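Have the sequence and the 3D view open as you read.

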Amino acid sequence: MKELTTKETITIGLMLFALFFGAGNMIFPPALGQAAGDNVWIAMAGFLITGVGLPLLGIIAVGLAGGNLQTMASRVHPMFAVVFTFIVYLSIGPFMAIPRTGTVTFEMGVLPFLPESMKGSWVPLFVTTIVYFAITFWLSLNPSKLVDRIGKILTPALLIIIGLMYVKSLISPMGEVAQPIGAYQDTAFFKGFIEGYLTLDALAAMVFGLVVTTAVQERGIIDRKKVMWSTIKAGILAATGLGLVYLALSYLGATSVSFAKSENGGQILTGVVHQLFGPLGSLLLGAAVTLACLTTSVGLVTACSQFFSSRIPSISYKKMAVILSVFSAAVANVGLTQLITFSVPVLMAIYPLAIVLMLLTFFDRLFNGHRSVYVGAITATAVISLLDGASQLGLSIDSLTPILEQLPLYKVGIGWLVPAIAGALIGLLWASLTRSVPIVRETK
């Protein structure tokens, strides 16, 4: 029976890496490294779980579900599937991920080269985002060849630049690692775990999973088990690449505190490359990151336009691409730091739901796919995660705080874990008592 060749596996793995490797993957590890200081590796252990492990789990989970994100979420309830799928696409699309590509482009590809008199003005960001998203829209009208070609050239180029930065920092150390600050002092692992949410990769994996399985099937692999194993191999390759890049970038951030103390990872990385290679290095990194962000932006606008236009037939793909590009340009003008700040409460609310859904899908056979297990776990998780998101948003939940703080791990940001397990067990007990029939899964 046909199997993927090693070359085909590597090709799909690199494609998956390119899909994941966007703006957030560049800017969050340096910021974590600088803030974590001496505790950088402890913090990175937590970050790698949510920034690498969960995306890999998401790819596998979608493959196990035998369909797409909505198919997987429908195991909870059809209405939940619709609402959750829309929320995920809005998050990896016009509300967060797409605008972030524009702001990172500005921070790393434009801002370093502006005269000091213009750096405090809103005009450069406005002009940059207008031009950037106009190009994004134009390219999204026929994106496939461009994204493929740029990805094949650009991803290796970016990896080479990051590799050179890391090697140069070892040969010519930039400075001493500082003391950790904030939550990195006492709860570095859990702080890193939460920071991994910001990459959005676990959410993106629930969309990209279908892309990978389709790529495998297009190469003549039909047997479901072989599709799964091929997907896992490609996922492991992409995850390994992401992990190595994150470790290198976090080290660069940790050793940059003496000269690149900044409010976001984009500014830190710009300072690092200027310190190591001078103006030429800044120019090369800025150009590479700009093209990488543009590729990601085109891919996301394309995916979201296809999804939303299919769900809202009255709006064509082209009109949807216009709407998403214009809206993303407007959101991008709040600035990178503000955009990241806005993202935190939203991700605190929806990321736990994604994690639990992936885990349930992964272990579906252990509880015979009973819907009550999905409902119990997701409901319990939603109660806690939505309250966490409200708290991060600044909404008052003071009356509930004393109760919530009794939950294990609540103070470090994962208070939803024990309720999720309890909800799943209650759902399993309900299925046993009512003798409900498991959901029939399609097999191939």
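How many residues does helix 17 have, and how far does it reach from its first C-alpha to its last?

## Ground rules

This is a predicted model, where local features need pLDDT of at least 70, side-chain atom pairs count only at pLDDT 80 or more, and totals for chains, interfaces and linings use all residues. Residues are numbered from 1 along each chain as its sequence is written, and side-chain values use heavy atoms, with hydrogens and water left out.

## Helix 17, end to end

Helix 17 (residues 417-434) has 18 residues and reaches 26 Å, close to the 26 Å expected at 1.5 Å a residue; that expected span is 1.5 Å times one less than the number of residues. Helices here are DSSP runs (H or I, at least four residues), numbered from the N terminus.

## Two faces

Pro419, Ala420, Gly423, Ala424, Gly427 and Ala431 are the buried residues of helix 17 (buried is under 20% relative accessible area, exposed over 50%, with a 1.4 Å probe and protein chains only). They cover an arc of only 140° around the axis, so they lie on the same side of helix 17; the arc is taken from the directions from the helix axis to the C-beta atoms.

What do those buried residues pack against? Helix 14 (336-362) and helix 15 (371-392), with contact meaning heavy atoms within 4.5 Å. On the other side of helix 17, Leu425, Ile426, Leu429, Ser432 and Leu433 are exposed.

Note on methods
Helices (H or I, at least four residues) and strands (E, at least two) are DSSP runs, numbered from the N terminus.
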